[in-house]
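Me: Please take a close look at one metal site in this protein. Then place that site in the wider fold.

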Amino acid sequence: MSAPSPGLPTDPAVHRPSPASEPVPPVGDGFLPGADRTTLPAPGDLALPVSGRRVLTRADGRFARVGELPADTGWVPVGTLDGVPVWAAEVADPAEPAEPAATDEPAGRWCSWRSLAAELPERFATAAGRALAVVTWRRTHRWCGACRAELADVPGETARRCPDCDLYVPMRLSAAVLVAITRRGPAGGPDELLLVRHAYGPTELWALVAGFVETGETLEAAVHREVGEEVGLAVDRVAYFGSQPWAMSGPGTLLTGFTATAADPSAEPVVDGRELVEARWFPLDALPAELPPAYSISRWLVDAAVSAGRR
Ligand SMILES: [Zn+2]
């Protein structure tokens with residue numbers, strides 16, 4: 001058996017939930033979110049300074065240790081990575097790390113979550129994503145939305161509470177759905193996958209139909225609604241595929257992936273021209289090259305559809 005990079009989504013089947021057969025990871029393995037403030041940061045703990053939407057790593061791309069940063073850094077707990085506590089802190093005025101001098105090691109480098117997710121094993125990207133989310137949430141939730149008093153941290157939780165009116169303000173998580181829609185191909189031909197191009201963001205990519213879940217609907221209902229709104233199609237056999245915490249923008253997004261089949265195999269997609277500019281069926285053996293990146297659940301869904309089409 002070959003040895004894939006640890007934690008990298010090389011095999012989409014790994015991310016297909018199969019509770020019956022999947023081994024339970026040992027306690028403390030991988031990234032576990034947490035907000036435990038009962039212990040103080042230790043010098044050997046992992047440290048993730050955050051500025052805006054970027055995370056500071058060592059120059060070699062590894063996470064720094066608490067002991068390598070100033071003692072007065074205001075660390076907040078993020079969780080544990082392989083059993084080691086992870087701390088994040090907002091760095092108000094980051095000095096852009098200088099180019100490596102001839103003799104000195106560079107201080108480190110500021111990385112977007114996108115670049116971290118592309119380079120690091122999945123559990124590291126997840127830890128960095130939560131660090132970004134926690135720091136962003138703390139910066140944007142300082143005052144009570146009801147009475148304007150300054151919020152206070154709730155011990156042991158990623159939450160704040162108003163000391164005057166008792167309003168409870170937890171860090172929110174937004175859920176989004178992505179759906180890989182397939183249909184029977186022409187007689188003798190391979191099945192086909194629906195891919196779309198967006199009017200904004202990475203417009204060159206062929207992506208999946210996706211959208212945020214509204215309050216008051218199930219994930220499955222969101223799948224049907226988004227598919228109807230974005231491409232005017234009806235789908236059936238909607239099935240859960242897996243999920244991925246996502247930190248490309250804003251705090252707290254959980255991507256949930258679904259597969260589905262076109263209810264009417266002869267129906268063609270219709271785009272609104274505003275959110276989506278193009279939608280097209282592609283034979284599974286002739287997908288475009290401009291697909292979502294390998295670290296994204298979008299790509300795992302596409303790869304899984306290709307694998308299923310081969311069977
Ligand atoms: Zn209040």
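Reply: The site of the zinc ion is tetrahedral, with angles of 99 to 120 degrees among its four donor atoms. Four donors count as tetrahedral if all angles lie between 85 and 135 degrees. The model is predicted: local features need pLDDT of at least 70, side-chain atom pairs count only at pLDDT 80 or more, and totals for chains, interfaces and linings use all residues. Residues are numbered from 1 along each chain as its sequence is written, and side-chain values use heavy atoms, with hydrogens and water left out.

The protein donors are the SG atoms of C144, C147, C162 and C165, and they lie 2.3 Å from the zinc ion. Donors here are N, O and S atoms within 2.8 Å of the metal (3.2 Å for Na, K and Ca); water is not among the atoms, so sites may look incomplete. In sequence the donor residues follow the spacing C-x2-C-x14-C-x2-C. C147 sits in the loop between α2 (122-140) and β8 (152-153), and C165 in the loop between β9 (159-161) and β10 (168-170), so this pair ties together parts that are 18 residues apart in sequence. Helices (H or I, at least four residues) and strands (E, at least two) are DSSP runs, numbered from the N terminus.

How accessible is C147? C147 has 32% relative accessibility and counts as partly exposed. C165, at 38%, is partly exposed too. The cut-offs are under 20% relative accessible area for buried, over 50% for exposed, and partly exposed in between (1.4 Å probe, protein chains only).

Now the wider fold. The protein has four helices and 16 strands. Of its 311 residues, 41% count as buried. Take contacts between residues at least 6 apart in sequence: 63% of them join residues at least 24 apart. Contact means heavy atoms within 4.5 Å.

F63 is one of the buried residues, with a relative accessible area of 4%. F63 lies in the loop between β3 (54-57) and β4 (64-65). Beyond its neighbours within four places in sequence, F63 is in contact with L46, L48, T57, R58, L81, L120, F124, A127 and A128.

Key:
Four donors count as tetrahedral if all angles lie between 85 and 135 degrees; four count as square planar and six as octahedral if opposite donors are over 155 degrees apart and all others between 65 and 115; anything else is irregular.
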